[in-house]
Amino acid sequence: MRPDPTTAPLHSERLDLLPIAPEHAGELTAALADPALHAFTGGRPATAEEMRTRCARLAAGSPDPAERWGNWVLRLRADDALIGYVQATVGPDEAELAWVVGTPWQRRGLATEAARALLAHLTAAGTTTAVAHIHPDHRASARVATTLGLRPTARTQDGETRWQADLTRPDLFPNVGGLTAEHAAHLTGLVEECRPVLADRGMAAVQRLLVERGTAMIPAIMVTKALLGWESTSLATTLEVVELSEARRPRF
């Protein structure tokens, strides 16, 4: 049985993603007080008491044994402030994602950063399909989904477009025999987690992250080759990158 992916705290470059709890209600109420946040979803900002009730209900988890609820508040470390939340409703093969960041912290890439961290975590845990339902006019949310690799489909629900991504990404690991969908999803999650690290801090930081994640040599080679380009990078070059990395040097 897979471990529950909805209970672990997560971390990104600027954010701590913390499992939601009733004590978050006060800060979350203030962060999400702008009525404009409900322009596409309807409703109104919650009162502090309503938010506490909602947080308690979400923290208790889904009453349906076939799905799990994951809800994380977003703490911006630089400000030590709660700024929003991300959600995942996780079924046997599919996870539905949602993200909300308070108005004062928008246009800083924080929703994308939080959703990317969540998606990488779920992918590594074995989720094979990610979906989100987005209002056709909600361009900011559509940009987040596009950055995550989700694409709009022809399906709709309550006036919202279903966006979807196949997390197994077979194109990342062509001609790899015996790769199960679950293993491919785990490797894909590592690849997606490593991409921003590679862009910001380079390959040495990627190899340190893989070691920190307990990634064995062969999976590390597969992830590294996917990052460098499966067709454009030789196996010998990839082996050298992984084997000679400082992170894998023995410590005496």
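Is Asp 158 buried or exposed? The points below take this up along with the rest of the chain, and the model under discussion is a predicted one.

1. **Asp 158.** With a relative accessibility of 75%, Asp 158 counts as exposed, because exposed means over 50%. Asp 158 sits in the loop between β7 (151–157) and β8 (160–166). The backbone deserves a look as well: phi of Asp 158 is positive, about 50°, although the residue is not a glycine.

2. **Arg 107.** A second residue with a positive phi is Arg 107, where the angle is near 65° and the residue is again other than glycine. Arg 107 belongs to the loop between β5 and α3. Its relative accessibility is 84%, so Arg 107 counts as exposed.

3. **Overall dimensions.** The protein chain has a radius of gyration of 19 Å. A compact globule of 252 residues would have a value near 18 Å, so the two agree. Along the principal axes, the C-alpha atoms of the protein chain fill a box of roughly 60 × 45 × 35 Å.

4. **Secondary structure and contacts.** The protein chain holds 8 helices and 8 strands. Contacts between residues at least 6 apart in sequence can be split by separation: 61% of them join residues at least 24 apart.

5. **Surface and interior.** Of the 252 residues in the protein chain, 42% are buried. The accessible surface of the chain is about 13,300 Å², and carbon and sulfur atoms account for 53% of that area.

6. **Largest pocket: size and centre.** The largest pocket has a volume of about 1,700 Å³. Its lining consists of 50 residues, and those closest to the centre are Leu 37, Thr 41, Trp 99, Val 100 and His 138.

7. **Largest pocket: what lines it.** Helices and strands both take part in this lining. At least two residues each come from the helices α2 (48–60), α3 (110–124) and α4 (139–148). The strands β3 (68–76), β4 (81–90), β5 (94–101) and β6 (129–134) likewise each supply at least two. The element that gives the most is β5, with 6 residues. By class, the lining of the largest pocket comprises 25 nonpolar, 16 polar and 9 charged residues.

8. **Second largest pocket: what lines it.** Four elements, β1 (10–11), α3, α5 (181–201) and α6 (203–212), each supply at least two residues of this lining. The largest share, 8 residues, comes from α5. The lining of the second largest pocket divides into 11 nonpolar, 5 polar and 11 charged residues. Helix α3 is also listed among the elements that supply at least two residues to the lining of the largest pocket.

9. **Thr 238.** Thr 238 is part of helix α8 (residues 235–243). Its relative accessibility is 0%, and Thr 238 therefore counts as buried. Setting aside residues up to four places away in sequence, Thr 238 touches Ile 221, Thr 224, Lys 225 and Thr 233.

10. **Ala 21.** Ala 21 is found in the loop between β2 (15–19) and α1 (25–31). Beyond neighbours within four places in sequence, Ala 21 is in contact with Cys 55 and Ala 59. Its C-alpha atom is separated by 8.7 Å from that of Val 73, a residue 52 places away along the chain.

11. **Ala 78.** Ala 78 lies in the loop between β3 and β4. At 72% relative accessibility, Ala 78 counts as exposed. The C-alpha atoms of Ala 78 and Leu 209 are separated by 22 Å, and the two residues are 131 apart along the chain.

Technical notes
Residues are numbered from 1 along each chain as its sequence is written. This is a predicted model: local features need pLDDT of at least 70, side-chain atom pairs count only at pLDDT 80 or more; totals for chains, interfaces and linings use all residues. Side-chain values use heavy atoms; hydrogens and water are left out. On a 1 Å grid over the protein atoms alone, a cavity is a set of points where a 1.4 Å probe fits but cannot get out, and a pocket is an open set with protein on both sides within 12 Å along at least five of seven lines; lining residues have an atom within 4 Å of a point. Grid points are joined across faces, edges and corners, and a volume is the space filled by probe spheres set on the points. Ala, Val, Leu, Ile, Met, Phe, Trp, Tyr, Cys and Pro count as nonpolar, Asp, Glu, Lys and Arg as charged, and the others, Gly among them, as polar. The radius of gyration is taken over C-alpha atoms; the globule rule is 2.2 Å times the number of residues to the power 0.38. Buried means under 20% relative accessible area, exposed over 50%, partly exposed in between (1.4 Å probe, protein chains only). Contact means heavy atoms within 4.5 Å. Accessible areas come from the Shrake-Rupley method with a 1.4 Å probe; for residues, only the protein chains shown count as cover.
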